[in-house]
Amino acid sequence: MSDASPVTPQKPRLLERLPGLIGALSASPFALLMLFGFVAPLLCVVWFGFMPPKTFSLLQAPTLENYQTIFNQTYFKSALWSLGLASVTVVILLVICFPLAFAMAKIFRGAASFITYAIATSLFVSENIRLFGWVIGFMKNGVVGGTLSKVLGLQIDSLLYNIPVIILGMVYVYLPFMLFPLVLGVKMVPDQVREAAFDLGASRWQVFKKIDLPLAMPGVMIGSLLVFVLSVGAISEAKILGGQKVVTIASDIESEFTYAQNWPLGSALSTMFIALTTVVVFFALSRFDLEKLLGKKPSE
Amino acid sequence: MIVTRTQKTGFSFYAGLVLLVFYFPVFCIIVASLSKKRFFSFPYTSDDMTFKWYNDAINSPQVHDFVGVSLRIAGITAVASVAIGFFSALAYARYRWRGRQTFQRLVLLPLFFPQSVLGLALLMWFSFLDVTTAWWTAAIAHTVWIAPITTLIISIQAYGLDESLEEAARDMGATRWQIMRKITIPLLLPGMISATCFAVLLSWGNFALSLYTTGADSALPEWLYARMTSGYQPMVPAVGVINVGVAIILVIALFAIVRWSTRKSRHSTSSH
């Protein structure tokens, strides 16, 4: 065609005129990855949950058998254990991390970044190695037991394989996920507002309750949410530190896939689990604007 | 803020305590890695100390295999997730487009998702596609989980990107590709470098995703887990310590890069 030449220089201009297209194009590799590696596998799980038990094929007539099994047996118990352990972990972490986050955001200067790096480093070490450190510390004749018997002549048995140790493991592993959002949250509390409150005669506790906590709420929410979701799905803590004391939903799912070789039942369990976490995450995220937290540079 | 000395001391004491407890397990592993005994018990004298397990770990062909698999997975994951993260960060923080808000909400979703379930889901998906799982399927799994993180890290840098520089280049007749190569990429480079470090480290330590998606190949965290739950070897804490050491070195490098890049960008903005 003879009038092809005026069309060619139009092409970049088309891109300029449609900024929406550039954004969508830039987002597309990520979107494709998520469609292939996140959405499709999840649909696969949901669909597999409706397959007859003990099959490995997705092409059978759908059935509700797996869901009946779940409600008739004791699987809800492990779900409750998971929810309970996760809630306790969140509460303990809030109590431990808030003062630390406050100090890091408002009081420390150089030390704050030192603490940040010291704690962030742990994220890169495989969770299992770190949990194994507690095993060496707490086992019979371990670092704690051995020291106690040497120094105080106190013979103690293994401190492992009970519920407090599982909670300790979770608190330990998920501490960074609570601490860092909390630091961001506390940084959002303006100093002037706190000082004004103090000048007007508010007590320390009143300032905390009426100013610090509400203004740092986005950080509190994100931290709690992250920790809750991560620890509901936790598997290693209960296995490495807890022995067989408690069966969590994640280890139920794992054993259906490995020992029991019952993929459909495992999938049905996963589906319920996914539904639960998605509801929690969506509910919480819809109430807070993440961009505000990330885009707003904390004042230094 | 006015801070009294007692307040500062109190908070410092508290922070020190938290850090001490936090590093207690690492200390335990170091102690265990130096014990000569086949079965660990504490305390031991200096006669019972040895570096033998480190020697064994470094020379074990088995460990070499696992390190090789982990390295391959980490390498591919880093390249793929930083490349994808670069573009999605632009979509996240730089361009205004319809669907941006939805995108921003959905980007982080995989992070809030239990990794063990994601690993299982991918295992089923690969089996449905008739793909035999191996180290490269694990790299796909890691990328799904790490790409949101690299997106986030690069986005933070992209928020600080001065749009007028791109516009000025365009006004002077630069093509889209030239703008990308000469302005956008150099300005986002510090973010991309730290994203690479994060991607390598997070892939290196990942257990839950690898467990289901490596197939016949095995990554280092899988081997460590198997040896911890059954068949303990004194080499295990030594491998663990080496792992921690590598992580610490990488974090220090990361810290240096971030320092260097912030100083550089402060320098360049002040000279405008």
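A surface patch here is made of residues with over 30% relative accessible area and no salt bridge, with like charges joined within 9 Å and nonpolar side chains (Val, Leu, Ile, Met, Phe, Trp, Tyr) within 5 Å. A salt bridge is a side-chain nitrogen of Lys or Arg within 4 Å of a carboxyl oxygen of Asp or Glu.

The model is predicted, with local features needing pLDDT of at least 70 and side-chain atom pairs pLDDT 80 or more, while totals for chains, interfaces and linings use all residues. Residues are numbered from 1 along each chain, chains are lettered from A, and side-chain values use heavy atoms, without hydrogens and water.

Start with chain A as a whole: it has 15 helices and zero strands (DSSP runs, H or I of at least four residues and E of at least two, numbered from the N terminus). Of its 300 residues, 48% are buried (under 20% relative accessible area; exposed is over 50%, partly exposed in between; 1.4 Å probe, protein chains only).

Next, select L32(A), L35(A), V39(A) and L43(A), a nonpolar surface patch with about 380 Å² of accessible area together (Shrake-Rupley, 1.4 Å probe; for residues, only the protein chains shown count as cover). L43(A) lies in helix 2, residues 19-48, and is exposed because its relative accessibility is 56%.

Then select helix 4 (residues 75-107) and helix 13 (residues 249-257) of chain A, whose axes come within 7 Å and cross at roughly 135 degrees (lines fitted to C-alpha atoms over the stretch in contact, angles from 0 to 180 degrees between N-to-C directions). Contacts (heavy atoms within 4.5 Å) involve residues including Y75(A) and S78(A) of helix 4 and I249(A) and E256(A) of helix 13.
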